[in-house]
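Me: I have a structure to read, and I want to know what stands behind the terms used for it. Please set each value against its definition.

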Amino acid sequence: MVTFFLIFLLAIGTQGQTSDDVSWAKRVDTGSQVVTTMQFYFHDTLSGSNPSAIQVAQPQSGSNSLGGFGNLMMVDDPLTEGPDKNSKLIGHARGMYGQAARNELGLIMVLNYGFTDGIYKDSTFSLLSLNPAMQTVREMTIVGGTGLFRLARGYALAQTYSINSSGDAVVGYNVTISTYI
Ligand SMILES: *[C@@H]1O[C@H](CO)[C@@H](O)[C@H](O)[C@H]1NC(C)=O
Ligand SMILES: *[C@@H]1O[C@H](CO)[C@@H](O)[C@H](O)[C@H]1NC(C)=O
């Protein structure tokens, strides 16, 4: 009877439990799954001598501008806690995006988001989605992950925080992921 009561208490204790050691993410164990919500900023720098996004392919004919169909970029973009580039670095988004729509801005995003901070160090998730970049808020699909994000499914809501005439952009991300661990 006592044992039963203890087990019952332990079970209650883990329901809805949160474990945070960073300010930019929150994990809630609902019992059947863990829901992680995150808020961070993505810095895509095209200009200067050390850009974080570089063009690696372009169409043989047609527009070579970034919005031209067929242009492909390789990126290693820092992720920070706040919109300021000098705020705490929490990881990197690495991979590619390319202009995949002929008559509008539609970027195909193939990116690995890898984290370096707190309990999320060495955990990653993969985003594979079309980014309708002209929409104020872009919803994108998260298809999997490693570490704390094993068996992840989720979505990211991205909103441009700032962009200048060089195309350097700071994008705010709100991410929701569910996992079983
Ligand atoms: C855009 O911002 C970057 C800093 O992120 C700066 O180096 C660059 O000169 C800016 N470009 C313009 C045209 O203001
Ligand atoms: C992201 O979350 C913050 C804090 O809850 C909220 O203020 C902001 O509107 C959200 N942005 C998007 C694009 O959902």
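**Contacts, strands and a patch**

Reply: Start with ligand 1: a polar side-chain atom of serine 166 lies 2.7 Å from one of its nitrogen atoms. Keep in mind that this is a predicted model.

Me: What makes the pair of serine 166 and ligand 1 a polar contact?

Reply: The cut-off for a pair of N or O atoms is 3.5 Å. The polar side-chain atom of serine 166 is 2.7 Å from a nitrogen atom of ligand 1, so the pair counts as a polar contact. Asparagine 164 has a side-chain N or O atom 2.3 Å from an oxygen atom of ligand 1. For aspartate 168 the distance from a side-chain N or O atom to an oxygen atom of ligand 1 is 3.4 Å, which is also within 3.5 Å. On its own, ligand 1 exposes 370 Å², and the protein buries 39% of that.

Me: How is the shell around ligand 1 divided by class?

Reply: Ligand 1 is surrounded by Ser47, Asn164, Ser165, Ser166 and Asp168. Asp counts as charged, and the shell has 1 charged residue, 4 polar and no nonpolar ones.

Me: Which residues surround ligand 2, and what makes part of its shell nonpolar?

Reply: The residues around ligand 2 are Gln39, Val137, Leu157, Gln159 and Asn174. Val and Leu count as nonpolar, so Val137 and Leu157 fall in that class. The shell has 2 nonpolar, 3 polar and no charged residues. An N or O atom in the side chain of asparagine 174 is 2.2 Å from an oxygen atom of ligand 2. The protein covers 45% of the 360 Å² of accessible area that ligand 2 has on its own.

Me: Why is the pair of arginine 94 and aspartate 76 called a salt bridge?

Reply: The term needs a side-chain nitrogen of Lys or Arg within 4 Å of a carboxyl oxygen of Asp or Glu. In the pair of arginine 94 and aspartate 76 the closest N and O atoms are 2.9 Å apart, so the pair meets the cut-off. The structure holds 3 salt bridges.

Me: How do you know that β8 and β9 pair?

Reply: Two strands pair if there are at least two bridges between them. β8 and β9 have 4 bridges, in the antiparallel sense, so they count as paired. One of the bridges joins serine 126 to glycine 144 in β9. A hairpin of 5 residues connects β8 to β9.

Me: What about β10 and β11?

Reply: β10 and β11 pair in the antiparallel sense over 10 bridges. Alanine 158 stands opposite tyrosine 173 in β11. The hairpin of β10 and β11 has 5 residues between the strands, and glycine 167 there takes a positive phi near 90 degrees.

Me: What makes Ile108 part of a nonpolar patch?

Reply: A patch residue needs over 30% relative accessible area and no salt bridge, and nonpolar side chains are joined within 5 Å. Ile108 belongs to the patch, along with residues including Ile54, Met74 and Leu128, so it meets those conditions. The patch has about 700 Å² of accessible area together. Isoleucine 108 lies in strand β7, and β4, β7 and β8 each supply at least two residues of the patch.

Definitions and conventions:
Residues are numbered from 1 along each chain as its sequence is written. Chains are lettered from A and ligands numbered from 1 in the order in which they are written. This is a predicted model: local features need pLDDT of at least 70, side-chain atom pairs count only at pLDDT 80 or more; totals for chains, interfaces and linings use all residues. Side-chain values use heavy atoms; hydrogens and water are left out. A residue is near a molecule or strand if one of its heavy atoms lies within 4 Å of it. A polar contact is a pair of N or O atoms within 3.5 Å; within protein, one must be able to donate a hydrogen and the other to accept it, and residues adjacent in sequence count only if both atoms are side-chain atoms. Accessible areas come from the Shrake-Rupley method with a 1.4 Å probe; for residues, only the protein chains shown count as cover. Patches are made of residues with over 30% relative accessible area and no salt bridge: like charges are joined within 9 Å, nonpolar side chains (Val, Leu, Ile, Met, Phe, Trp, Tyr) within 5 Å.
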